[in-house]
Amino acid sequence: MRFSHVQTILERVFTADLPDPADVEALLRLEDEQAVQALFDFADGVRREYVGDGVLLRGIIEFSNVCRNECAYCGLRGGNTRLGRYRLSREEILATAENIWRAGVKTVVLQSGEEDNLDACWLGRIIEEIKSRFDVAVTLSVGERDRKDYARWKQAGADRYLLKIETSDPVLYADLHPGMSFENRIRCLEDLAELGYQTGSGNLVGLRGQSVKSLAGDVLFFKKGDFDMISVSPFIPHPQTPLADEPAGDLQMTLKMTALTRIVSRNAHIPATTAIGSLRGRDERPRALGVGANVLMPNFTPAPYRQHYEIYPNKRCVAEQPGACPNCMEQMVAALGRFVDRSQGHSLKAQSAAIPAALRSN
Ligand code: SAM
Ligand code: SF4
Ligand code: FES
């Protein structure tokens, strides 16, 4: 494809209310080095204009690795009997939240598997206590729950919720999520947005059976959803899962997806994910920051639990001391000529009450 033609398509995708899927697919298929660089530069320009040079930090506490689900890609799936399971106590969670706050990180992300026994009131009281004791935003990422649980936690003070769609292709979704339903995931995303959460979604790149067309569909899904946060991660195979022998997601395709997500979403918060940092020996998160990402997620999960939150093998920042990440990230970001933004980093979207019903037409 000629360079001038790439620029024309980029402009079209950027300005369209809903881009033509064929345009998005054509950009994802770019191979020529100069053309791919044009995509990356365009995304970096959109990032600079719509979210600026600051990189936000979100301190994550992986408070439980217990999960009832069987997502085909994930090492925490219930069927992985080799994994030692844990759940942090209330006191451990509060002490870790304090560590995050003392490190000058203003968002606490509480993430876990989908636990049958996770009591909504127990978590609600923890959220209340974190919000009353520390000047932080709270993000939850604990999977699919009833609307009343989401409402309970919102009332307790939770600000945000992350629930990735993983793939917007219902057939592929069904294949990878036995016993789960695409409809219910959409229902959750709609409930969360209606309840006033800053809502995050995202996908995995390189799943078995995922086509470039399907990835283009994910970009359109993000556009339609107008999400506050969007996370794009490469799939990394875990030996105790049905996808053990599948190849990992391609770094270049993950970067193209990150770039296109920035171009269509403009001011969403987009992390340079830990999975991008873990895909190879070298930490590739700086490259994601260079093609549209503006968030990093330092890991504060205390030892000895941290090593047991093994979504995929060779996860970055597992052997390091808890609390080591923010300094390391300061250096990473400074090397790019950017700076760490120590604010709570709320959504830059005009607060919309609901995710457009258009999601259902996917
Ligand atoms: N259980 C909650 C959920 O599924 O939303 C939150 C925890 S789950 C471990 C968080 C994310 O891990 C998922 O959204 C998924 O994208 C990611 N993940 C799981 N297995 C992965 C793998 N093998 N490679 C990369 N990311 C993976
Ligand atoms: Fe459980 Fe989430 Fe992993 Fe699925 S992705 S198995 S819900 S922890
Ligand atoms: Fe975690 Fe470098 S970012 S130790």
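Me: What makes the contact between α9 and α10, and which residues meet there?
Reply: In this predicted model, Val 212, Leu 215, Asp 218, Val 219, Phe 222 and Lys 223 of α9 meet Met 253, Met 257, Leu 260, Thr 261 and Val 264 of α10. Contact here requires heavy atoms within 4.5 Å. By class, the residues of this contact are eight nonpolar, one polar and two charged.

Me: Why are α9 and α10 called roughly parallel?
Reply: The axes of α9 (residues 212-225) and α10 (residues 251-265) cross at roughly 30° and come within 9 Å. Angles under 35 degrees count as roughly parallel, and therefore α9 and α10 are roughly parallel to each other. The crossing of α9 past α10 is right-handed.

Me: Why is α2 called oblique to α9?
Reply: Helix α2 (residues 21-28) packs against α9 at an angle of about 120°, and their axes are 9 Å apart. The roughly perpendicular range is 65 to 115 degrees and roughly antiparallel begins over 145, with the rest counted as oblique. That angle therefore makes α2 oblique to α9. This crossing, too, is right-handed for α2 and α9.

Me: Which residues make the contact of α2 with α9?
Reply: From α2 come Pro 21, Val 24, Glu 25 and Leu 28, and from α9 come Val 212, Lys 213, Leu 215, Ala 216, Val 219 and Leu 220. Eight of the residues in this contact are nonpolar, no polar ones occur, and two are charged.

Me: How do you know that α4 is roughly parallel to α5?
Reply: The axes of α4 (residues 90-102) and α5 come within 10 Å and cross at roughly 30°. With the limit for roughly parallel set at under 35 degrees, α4 is therefore roughly parallel to α5. On the α4 side the contact has Arg 90, Ile 93, Leu 94, Ala 97 and Glu 98, and on the α5 side Trp 122, Ile 126, Glu 129, Ile 130 and Arg 133. The contact of α4 with α5 divides into six nonpolar, no polar and four charged residues.

Me: What makes β2 and β7 edge strands?
Reply: The open sheet of six strands runs in the order β2-β3-β4-β5-β6-β7, with parallel pairing. Both β2 (59-64) and β7 (229-234) pair on one side only, and these are the edge strands. On average, neighbouring strands of this sheet are turned by 20° against each other, direction ignored.

Me: How do you know that β5 and β6 pair?
Reply: Pairing needs at least two bridges between the strands. Three bridges join β5 (residues 160-162) to β6 (residues 198-205), and these strands run parallel. Tyr 161 stands opposite Thr 199 of β6.

Me: Where does α5 lie, and at what angle to β4?
Reply: Helix α5 (residues 120-133) lies across β2, β3 (107-112) and β4 (137-141), and runs at about 155° to β4.

Me: Why is one side of β8 and of β9 left without a neighbour in the sheet?
Reply: Three strands form an open sheet with parallel pairing, in the order β8-β1-β9. β8 (295-296) and β9 (339-341) stand at its edges with a single partner strand each, so one side of each has no neighbour in the sheet. Strand β1 (residues 54-57) is joined to β8 by two bridges, which meets the requirement of at least two. One bridge partner pair is Leu 57 with Leu 296 in β8. Helix α13 (residues 325-334) packs on this sheet and touches β1, β8 and β9, with its direction at about 130° to that of β9.

Me: What makes the bond between Ala 303 and Pro 304 a cis peptide bond?
Reply: Omega of the bond joining Ala 303 and Pro 304 is about 5°, and the bond is cis. Pro 304 lies in the loop between β8 and α13. Most peptide bonds are trans.

Me: Why is the protein chain called as compact as a globular protein of its length?
Reply: The chain has 13 helices and nine strands. Its radius of gyration is 19 Å, close to the 21 Å that the globule rule gives for 362 residues, so the chain is as compact as a globular protein of that length.

Notes
Residues are numbered from 1 along each chain as its sequence is written. Chains are lettered from A and ligands numbered from 1 in the order in which they are written. This is a predicted model: local features need pLDDT of at least 70, side-chain atom pairs count only at pLDDT 80 or more; totals for chains, interfaces and linings use all residues. Side-chain values use heavy atoms; hydrogens and water are left out. Axes are lines fitted to C-alpha atoms, for helices over the stretch in contact, and angles run from 0 to 180 degrees between N-to-C directions. Helices (H or I, at least four residues) and strands (E, at least two) are DSSP runs, numbered from the N terminus. A crossing is left-handed if the near helix is turned anticlockwise from the far one by less than a right angle, and right-handed if clockwise. Ala, Val, Leu, Ile, Met, Phe, Trp, Tyr, Cys and Pro count as nonpolar, Asp, Glu, Lys and Arg as charged, and the others, Gly among them, as polar. The radius of gyration is taken over C-alpha atoms; the globule rule is 2.2 Å times the number of residues to the power 0.38.
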